[in-house]
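Here are my notes on the model you sent over. Have it open while you read, and go through the points in order.

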Amino acid sequence: MSSHKVVKTYEEINEKIRAGSVVVVTAEEMIGIVKEHGACEAARHVDVVTTGTFAPMCSSGAFINFGHTSPTLKASKVWFNNVPAYAGLAAVDCYIGATEPCEEDPLNRVFPGEFNYGGGHVISELVAGKSVHLKATAYGTQCYPNRAMDKMVTLNDLPMAVLCNPRNGYQNYNCAVNLGNKIIYTYMGVLKSKAGNANYSTSGALSPLFNDPYYRTIGLGTKIFLGGGEGYVSWYGTQHNPGVPRTEGGIPLKPAGTLWVMGDLKQMDARWLVGVSILGYGCSLSVGLGVPIPILNEDMARYTAVSDDEIFAPIIDYGIDYPTGKAKPLGQVSYAELKSGSINWNGQVIPTVPLSSMVRAREIAQTLKSWIQSGRFLLTQPQMSLPS
Amino acid sequence: MYEKMLILKFPRTNVQEPIVCNLAKNFDLTFTILNAAISPRKEGQMVLQLSGSPHNFDEGVRYLRGRGIIVSNAGEEIRRNDEKCVHCGSCTAVCPTGALSIERPEMLVVFDQEKCSICKLCVSVCPPHAMELRPAENGETQPE
Ligand code: SF4
Ligand code: SF4
């Protein structure tokens, strides 16, 4: 027997979605509801809470099958718009990673490198319906005699393209400062010397895994908003590390859980998969991700009501500590402070810089909300929980 | 690295010479042609973004003037491509004038061109390349 006062099942919630009577709110809207009515009352009333995040997520890419040629070819090297894809798979399968720069990119030879075009840009252009230049070379076999192919393709021409991101939606991340004497260019953005600015990159109270900190409802098979379309959580992400210190409410004080997500690229939208260039660091892909959280009981209502002042990021020095592999938290700072525009650290007022778009995160949570309200998006029950 | 936007006014006679190619070849300068209105046997104009070492830059400009070309600095301005801006906020780390700032609590990134000093720092910092350097509208008079 459950010790909960309110108990709902996935099936009951889906029935309400089909009937058009489901109550959906965003994770930001949920804060006030729980504050005003309490967790039990909120759990009775609200069925689903939607979340969202939009930021560069380097561990992203796509599996692409580009179809057989005649004569047949077993590709050993593949490029899309001069960006190498990994071809160590079956004959015409490959994987293009978001951070792969194009051939002949000057990289960081003229520092800081601009990294104007890479795998993330290729994925973005494919999704936008643009045609890209596909080139493959092969050593030739008796069953696959062809040695090369070279053609323009669009996403429509590709038999299959699946976005498959081994690590997205990091549950918490560092707040980056630079205690060195020189400006640095990092994956956490530009960091001025002597802690001239503090950069952070999650959507805080709207971020998926802050709203289900112990992964009670998010697991293998959870259907999500991914890149403007539908996707699934298919595994726990790389570096998933649930066993970190947490607040009383369960919020990890360091980077913790991560999601491995995938979905059919053909139903996604370039507005939510944007190729990006990070000065001095490399190319990447900004990914729009949103997870619906079923309010199965009052605990889930409580979790989804988490607010920015209850979530803390560790302050990490990227000038000296991080590159030497000796990153240690120099303090904790709440997302409420981070979002206010400046933090107070060591008697110094440091302006903060977000790298993750709150505007887009809100749009994702609202979009997912309307998909569920309109009946086009049902919830799925996970087949396996993420390790917690 | 030195970079500048230039307006080249070509006299009638020289237009057929591969002047811009020579500029790249002989002076190790890289260029982007932003705007060109040139036709044979007429005066022509070109807006060119030129970059290279300061020394080569000066030499290159001397070469152009030596060919009878009138070289002047183009007015330039920074504009934001609102289609591309995702309102992440990364640019606010470098903008020295507050032309790029965040409106709270919406977290909308606003660009106030009036405050922009055209330092260009945001151009290479903006991850989706939404900040664009362009010739200023008033600095451009097209030959008829
Ligand atoms: S960095 Fe670029 S995309 Fe991000 S807010 Fe600034 S202008 Fe917009
Ligand atoms: S050019 Fe300089 S001043 Fe103008 S918006 Fe960009 S960073 Fe700010």
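**Notes on the model**

1. Let's start with chain B: among its contacts between residues at least 6 apart in sequence, 66% join residues at least 24 apart. Two residues count as in contact if their C-beta atoms, placed from the backbone, lie within 7 Å. Keep in mind that this is a predicted model, where local features need pLDDT of at least 70, side-chain atom pairs count only at pLDDT 80 or more, and totals for chains, interfaces and linings use all residues. Residues are numbered from 1 along each chain as its sequence is written, while chains are lettered from A and ligands numbered from 1 in the order in which they are written.

2. Chain B has three helices and eight strands, and from the N terminus they run β-α-β-β-α-β-β-β-β-α-β. Helices (H or I, at least four residues) and strands (E, at least two) are DSSP runs, numbered from the N terminus.

3. Now for the open sheet in chain B: it has four strands in the order E2-E3-E1-E4, with antiparallel pairing. Strands pair if DSSP finds at least two bridges between them. E2 (30–37) and E4 (70–73) of chain B each have a single partner strand, so one side of each is left without a neighbour in the sheet. On average, neighbouring strands here are turned by 25° against each other, direction ignored. Axes are lines fitted to C-alpha atoms, for helices over the stretch in contact, and angles run from 0 to 180 degrees between N-to-C directions.

4. Look at E2(B) and E3 (residues 44–52) of chain B: seven bridges join this antiparallel pair. Thr30(B) has Ser51(B) as its bridge partner in E3(B). Helix H2 (residues 54–66) of chain B lies across E1 (2–10), E3 and E4 of that chain, at about 160° to E3(B).

5. Val94(B) sits in the loop between strand E5 (76–80) and strand E6 (100–103) of chain B. Is Val94(B) buried or exposed? Val94(B) is buried, because 22 other C-beta atoms lie within 10 Å; the cut-off for buried is 20 or more, with exposed at 12 or fewer and partly exposed in between, using C-beta atoms placed from the backbone. Leaving out residues up to four places away in sequence, Val94(B) touches Val190(A), Leu121(B), Cys122(B) and Val125(B). Across chain B, buried residues make up 29% of the 144 residues.

6. At the interface, 18 residues of chain B are in contact with 23 residues of chain A.

7. Over in chain A, strand E10 (residues 160–168) pairs antiparallel with strand E4 (residues 61–65) through four bridges, and Asn65(A) stands opposite Met160(A). E10(A) also pairs with E18 (residues 259–264) of chain A, antiparallel over five bridges, where Leu163(A) stands opposite Gly263(A).
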